[in-house]
Amino acid sequence: MFNNFEVKGKKATRDGFGDGLFEVGQNHDQAVALTADLLGSLKMNKFADTYPHRFIQTGIAEANMMGIAAGLATAGKIPLQARLLIFQPEGCMIKSGRA
């Protein structure tokens, strides 16, 4: 579903993430973005402002956010979670994807 993408120049990873998230929101009505108090840090503002009914700010509650995402997926939505993964051994900074 998300395999077709176009490189649109160099930019900070988080800027690209925010732009990509917004593009997904434009093209997929079932996409719902969730974040754990990182709206500005991950440049999710454009998505949140344009699709407030498809944006969930969980606060500093990452585990709760994953439960919400699982429920959304069960209901046929496409949850896109954004959080910092300082607890992952592989050192990934930003992760988003389907629950």
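Q: What makes the reach of helix H3 from its first C-alpha to its last close to the expected one?
A: In this predicted model, helix H3 runs over residues 62-74 and has 13 residues.

Q: Which residues of H3 are called buried, and why are they said to lie on the same side?
A: A residue counts as buried when its relative accessible area is under 20%, and in H3 this holds for Met65, Ala69 and Leu72. Because these residues cover an arc of only 60° around the axis, they are placed on the same side of H3.

Q: Which residues are exposed on the other side of H3?
A: The word exposed asks for a relative accessible area over 50%, and Ala63 and Thr74, on the other side of H3, are exposed in this sense.

Q: What covers the buried residues of H3?
A: The cover includes strand E1 (31-35), strand E2 (55-57) and strand E3 (78-84), where a contact requires heavy atoms within 4.5 Å.

Q: What makes a set of residues a nonpolar core, and which members touch the most others in the largest one?
A: The members must be buried residues of nonpolar kinds, such as Ala, Leu, Met and Phe, joined through side-chain atoms within 4.5 Å. The largest such core here has 16 residues, of which Leu21 and Met44 touch the most other members. Two or more residues come from each of helix H1 (13-27), E1, helix H2 (45-50) and E3, and H1 gives the most, with 4 residues.

Q: Which residues does leucine 21 touch, leaving aside those up to four places away in sequence?
A: Leucine 21 touches Ala33, Met44, Phe47 and Leu80.

Q: How do you know which pattern the protein follows along its sequence?
A: The protein has 3 helices and 4 strands, and reading them along the sequence gives α-β-α-β-α-β-β.

Conventions
Residues numbered from 1 in each chain as written. Predicted model: local features only at pLDDT ≥ 70, side-chain atom pairs only at ≥ 80, totals over all residues. Heavy atoms only, no water. Expected span 1.5 Å × (residues − 1). Buried < 20%, exposed > 50% of the residue type's maximum accessible area, 1.4 Å probe, protein only. Arc of directions from axis to C-beta.
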